[in-house]
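Me: I have a model open and would like to talk it through with you. Shall we take it question by question?

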Amino acid sequence: MADYPTQFAKEDLLKCARGELFGPGNAQLPLPPMLMMDRITDVSADSGAHGKGHITAEFDITPDLWFFECHFPGNPIMPGCLGLDGLWQLTGFNLGWRGWQGRGYALGVGEVKLTGMVRPDRKMLTYKIDFTKAVQTRRLTMGVADGIVEADGEVIYQVKDMKVALSES
């Protein structure tokens with residue numbers, strides 16, 4: 001297990017996006033505007049609902065975010081796929097945080113439920129991810145997790161069986 005902190009500020013997330021946190025060729029977050037969080041408030045490899053690890057993060061919502069202008073003019077809503085991508089980003093981050101090697105990529109998600117919207121008047125999204133499986137073998141490095149996205153404390157997205165892998169090739 002690598003020795004990283006359990007909380008990360010925006011500058012730390014930007015270091016991760018530049019490949020400076022986990023090292024070249026390993027898990028990276030995207031740079032803004034695709035970076036879908038402002039801070040990680042807690043991360044572990046052995047706690048959470050299933051004792052397999054968790055990660056929690058926050059994203060500040062402001063009316064000037066890039067997607068509100070184009071999705072949709074006159075009816076601004078954050079695309080649901082961006083919230084899902086934020087969950088995938090954090091799942092991959094957790095694998096890199098564990099010290100596991102390789103570049104991250106999403107493999108899929110079993111179930112997605114969108115029950116609310118993110119409009120410009122929202123203040124903050126909270127991502128909460130609980131791992132159901134975290135596997136590292138000679139041939140496979142993968143995390144499987146369930147997650148939710150809350151907007152100002154209200155659950156608006158729920159996912160089951162998100163899969164993210166790390167690959168050294």
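Me: Is Asp152 buried, exposed or partly exposed?
Reply: Happy to start there. This is a predicted model in which local features need pLDDT of at least 70, side-chain atom pairs count only at pLDDT 80 or more, and totals for chains, interfaces and linings use all residues. Residues are numbered from 1 along each chain as its sequence is written, and side-chain values use heavy atoms, with hydrogens and water left out. Buried means under 20% relative accessible area and exposed over 50%, with partly exposed in between (1.4 Å probe, protein chains only); Asp152 has 42% relative accessibility, so Asp152 counts as partly exposed.

Me: Where does Asp152 sit, and what is its phi near?
Reply: Asp152 lies in the loop between β6 and β7; helices (H or I, at least four residues) and strands (E, at least two) are DSSP runs, numbered from the N terminus. Most residues other than glycine have a negative phi. Asp152 has a positive one, near 50°.

Me: Which element holds Asp161, and what is the phi of Asp161 near?
Reply: Asp161 is placed in strand β7 and is partly exposed, with a relative accessible area of 36%. Its phi is also a positive value in a residue other than glycine, and that phi is near 60°.

Me: What is omega near for the cis bond from His71 to Phe72?
Reply: Phe72 belongs to the loop between α2 and α3. The peptide bond that reaches Phe72 from His71 is cis, with omega near 0°.

Me: In what order do the elements of the protein run?
Reply: There are three helices and seven strands in the protein. From the N terminus on, they run α-β-β-α-α-β-β-β-β-β.
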